[in-house]
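Have a look at the structure, then read on.

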Amino acid sequence: MSADHLRLEGEAVGLWFEMQARLEAHFTRLAGDHGLSAMQAKVLMQLQPEGAVTMRGLAGQLHYDASNLTGVIDRLEERGAVRRQPHPQDRRIKSVILTEEGARLRQAFWVRLTGRSGPLGQLSRRELSELRDLLRGALIAGKE
């Protein structure tokens with residue numbers, strides 16, 4: 001691998017980390033605007049309106065400790081955004097489902113998150129398509 005390639009890769013990684021920090025800050029600010037913690041917003045984004053997910057499954061999807069997720073779910077449940085229900089095959093397992101209020105909150109958050117207000121909001125349609133394709137290609141190449 002050439003020194004030029006390593007330098008370019010290093011620049012790309014540095015820019016990636018800077019963009020990641022800006023996206024995370026934007027996400028956290030918008031979560032606060034909706035009265036949510038960043039983790040509560042991440043939970044809402046992970047839940048789908050049409051199905052339930054176990055607490056363990058949700059923790060795995062978020063790369064979060066299941067025991068720490070309990071408090072996050074408690075606060076979302078107090079707010080009426082989610083509901084716990086016993087798993088149909090094993091009542092010791094709790095599933096989490098999005099309520100109508102949670103689906104409304106999730107949609108409102110998503111609209112603001114993707115509404116041209118964040119760090120990527122000023123990119124053109126062509127630029128966003130190119131960025132998406134480059135990221136998709138990098139993810140696919142990383143699996144091989």
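How many residues apart in helix α6 are E130 and R126? They are four residues apart in helix α6 (residues 125-143), so about one helical turn separates them.

1. Ground rules. This is a predicted model, where local features need pLDDT of at least 70 and side-chain atom pairs count only at pLDDT 80 or more, while totals for chains, interfaces and linings use all residues. Residues are numbered from 1 along each chain as its sequence is written, and side-chain values use heavy atoms, leaving out hydrogens and water.

2. E130 and R126 join their side chains in a salt bridge, with 2.8 Å from N to O. (A salt bridge here puts a side-chain nitrogen of Lys or Arg within 4 Å of a carboxyl oxygen of Asp or Glu.) Helices are DSSP runs of H or I with at least four residues, numbered from the N terminus. As for cover, R126 counts as exposed at 53% relative accessibility, whereas E130 is partly exposed at 40%. The cut-offs: buried is under 20% relative accessible area, exposed is over 50%, and partly exposed is in between, using a 1.4 Å probe and protein chains only.

3. D33 makes a salt bridge with R112, and their closest N and O atoms are 3.1 Å apart. D33 sits in helix α1 (residues 3-33) and R112 in helix α5 (residues 100-113), so this pair ties together parts that are 79 residues apart in sequence. D33 is partly exposed at 45% relative accessibility, and R112 is partly exposed too, at 36%.

4. R132 has a salt bridge with D133, the closest N and O atoms being 3.0 Å apart. Both ends are partly exposed: R132 has 42% relative accessibility and D133 has 41%.

5. A nonpolar spot. Which residues make the nonpolar surface patch of about 330 Å²? V13, W16 and F17 do. Patch members need over 30% relative accessible area and no salt bridge; like charges are joined within 9 Å, and nonpolar side chains (Val, Leu, Ile, Met, Phe, Trp, Tyr) within 5 Å. Areas come from the Shrake-Rupley method with a 1.4 Å probe, and for residues only the protein chains shown count as cover. F17 belongs to helix α1 and counts as exposed, at 52% relative accessibility.

Notes: Helix = DSSP H or I, 4+ residues; strand = E, 2+ residues; numbered from the N terminus.
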